[in-house]
Amino acid sequence: MLKAIETHTGAVLPLNRSHVDTDQIIPKQFLKSIKRTGFGQFLFYHWRFDDDGNKRSDFVLNDPKFSDATILLTGENFGCGSSREHAPWALMDYGFKVVIAPSYADIFYNNALKNGMIPVILDESIIQDWMEKAADGKLTLTVDLKGQHVSDHNGKQVDFDIPAYHKEKLINGWDDIALTLHHEDKITQYEKQKRHA
Amino acid sequence: MGKPTTIIEKVWDKHVIHQQTGRPDLLYIDLHLIHEVTSPQAFEGLRLANRTVRRPDLTFATVDHIIPTKNRDVIKDDIARLQMEALEENCKEFNIPLADIYHPDQGIVHIIGPELGLTQPGMTIVCGDSHTSTHGAFGALAFGIGTSEVEHVFATQSLWQERPKTLNVKVEGELGVGITAKDLILAIIAKFGTQVGTGYVIEYTGEAIRNLSMEERMTVCNMSIEAGARAGLISPDETTVEYLRGKRHVPIGEEFDALAEEWLSLATDEGAEYDHTVTIDASEVEPQVTWGTNPAMGAPVSGSTPSLDEAEYPEDLQRALDYMGLEPEQPITNILIDHVFIGSCTNARMSDLRRAATLIEGQKVHENVRAIVVPGSFNVKMIAEKEGLDQVFKDAGFEWRDAGCSMCLAMNDDIVPPGGRCASTSNRNFEGRQGNGARTHLVSPEMAAAAAIEGKFVDVRDYVASVV
């Protein structure tokens, strides 16, 4: 059962890069775990740490200004590449609840939703504006999933789109499999017809 | 006759179990392929909810991502061994057929599906791996899924999917001599970008596609995800039917004939409309080499890295060039390489190895280069050895390995060291993909073979002319 989610307010971390692929979000050497938890420590590993395991001071995740961030603001085609669900697991385990980007790779978008993380899509110009405002570590945004809008503390508010059924599931914390099993008779019927086809 | 439709719509409509306005369709899944990396958490989820695998008979497992490609008797990586053992135990518990590390059917999941005839036209096929699009070569609707979806398919043999938009990638004209399917797909991605397919299923059409063998079609469909599309397919034709004839999981005799007729009827109807169409002229495609850190950052071998002045996003370009250790406007043929990897679900089938071996025969790998060949499956390895290809590669100085994903994503010991530069027949050139700090150039098997000998990129067409 996922945790039901209606709104989220949190500090913003600006990651001003586009085409961030899932190999960067969680490098392959950390995919050998057979659990869903504990991936946060490896998030953006090679951007965060140098070859000796020391923190890279020039990477935004290592900047103490953003240590409380729960909203990741980033560039287009976020989450491209491998289908690894370890990517949203790592983001959420680290503490992110929301990603805001101009676009996402299809598989990542789905994987995020399955884990109760909100992938918000906004225009690039709006994101760039907030990206600049977030630089000092003091930008807080509120994502209202029910009302489908994002607002900052200066009263700026923008709407976003999300398919209604995804929204419904997030707000209610519904389990996909349980929902599908309501249609189990139809699945069985389909299988019977197929056998006789 | 109804309205002409695409194969994408035909396959989709055949698999809809439940439909409701404003919601995704519930689609039946005909074949679920699984491997060791993206399945353990899904099995765990089943156990926690006291659920089971609905159709183990439509599920097939193998190990490919983490396994060593040499000295397999000892798996030194404890965590990798644990993951492999977890798959063995899970398959046993839920009664799923498994081609384990010692099984003659073992191989990269997207190579063994077609090889065994598990992959067939008109099927819906999923796997927790984004290169599942490979199976689209047969006219199957095949796409990668996340682990939550793997669990969902285990429990229900179905998936909620939004009806995709259709994208026609039309390849007009014919490919030139020495130009491969890999060059074609890399050229398509370089031309239209990594997001052209986002939200779409691609159908590849046109004369050049029709002329491709099944193995070449698999190379093209394999990289649909690099163009942003979860699935990419090709309408079945006689080439498809002949490839499948006699494969182990394909019926024989009259049943085959009836099936073949059904497969051919799935092909897109004349006059069917797509949501979007893009066109590329095959005769303009040259051998391709990627120079950057995403698959669209590529150029013809006669070209150069881009100039910063013309870049839409100069910062991204500079960042990619810095990572790759290249200058703007650097000719591709000036790039020296020190690693060569021939393998992966993109290019590790028999025809790939044969074509590379033809170039390598009687030659020596350049002294600065470490070169490895990793066959896509145990079966490919056996046939290649029967044909003596292993000897050709070994005589030239290549390492000859067992089947697996290997250096494509470097989850095992096959790693390119920091700063190393690899000519690779795989599908992704992301930062660190082949090892932390490693630099990847995506190429065809022929271009990789020539680079192994020369220690740098050369136009394989000139190279063929000079050695013949």
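Student: What should I know before I start?

Tutor: The model is predicted: local features need pLDDT of at least 70, side-chain atom pairs count only at pLDDT 80 or more, and totals for chains, interfaces and linings use all residues. Residues are numbered from 1 along each chain as its sequence is written, chains are lettered from A and ligands numbered from 1 in the order in which they are written, and side-chain values use heavy atoms, leaving out hydrogens and water.

Student: How many aromatic pairs are there over all chains?

Tutor: Start with the rule. Rings of Phe, Tyr and Trp (its six-membered ring) pair if their centres lie within 6.5 Å; planes under 30 degrees apart are stacked, over 60 edge-to-face, and the rest tilted. The whole structure has 20 aromatic pairs. One of them is stacked: Phe43(B) with Phe94(B), 5.5 Å centre to centre and 25 degrees between the planes.

Student: Why does that pair tie together parts that are apart in sequence?

Tutor: Elements come first. Helices (H or I, at least four residues) and strands (E, at least two) are DSSP runs, numbered from the N terminus. Phe43(B) is in helix α2 (residues 40–48) of chain B and Phe94(B) is in helix α3 (residues 78–94) of chain B, so the pair joins parts 51 residues apart in sequence.

Student: Are Phe43(B) and Phe94(B) buried or exposed?

Tutor: Buried means under 20% relative accessible area, exposed over 50%, and partly exposed in between (1.4 Å probe, protein chains only). Both Phe43(B) and Phe94(B) are buried. Now take an edge-to-face pair: Phe256(B) and Trp263(B), 5.8 Å centre to centre, with 85 degrees between the planes. Phe256(B) is buried at 2% relative accessibility, and Trp263(B) is buried at 3%. In chain A, ring pairs link Phe30(A), Phe42(A), Tyr45(A) and Phe49(A) into a cluster.

Student: Which charges sit over rings?

Tutor: The test uses NZ of Lys or CZ of Arg, which must be within 6 Å of the ring centre and within 35 degrees of the ring normal. Arg17(A) lies over the face of Trp47(A), 4.1 Å from the ring centre. The charged end of Lys165(B) is over the ring of Tyr200(B), 4.5 Å from its centre.

Student: How many disulfides are there over all chains?

Tutor: A disulfide is a covalent bond between the sulfur atoms of two cysteines. Here the test is a pair of cysteine sulfur atoms within 2.5 Å. The count is zero. For Cys91(B), the closest cysteine sulfur is in Cys127(B), 12 Å away, so it is too far for a bond. For Cys422(B), the closest is in Cys408(B), at 10 Å, again too far. Cys91(B) is buried at 3% relative accessibility, and Cys422(B) is buried at 0%.

Student: How many residues of helix α15 of chain B are buried?

Tutor: Nine of its ten residues (445–454) are buried, so the helix is mostly covered. Among them are Pro445(B), Glu446(B) and Ile453(B). Just after α15(B), Gly455(B) has a positive phi of about 75 degrees.

Student: What is the volume of the largest pocket?

Tutor: Rolling a probe the size of a water molecule over the atoms shows where empty space is left. On a 1 Å grid over the protein atoms alone, a cavity is a set of points where a 1.4 Å probe fits but cannot get out; a pocket is an open set with protein on both sides within 12 Å along at least five of seven lines; lining residues have an atom within 4 Å of a point. Points join across faces, edges and corners, and a volume is the space filled by probe spheres set on them. The largest pocket holds about 1,100 Å³. Of its 30 lining residues, those closest to the centre are Lys194(A), Asp30(B), Gln120(B), Met123(B) and Leu259(B). The largest share of that lining, five residues, comes from α8(A).

Student: What of the cavities?

Tutor: The structure holds two cavities of 30 Å³ or more. Asn77(A) and Ile225(B) are among the residues closest to its centre.
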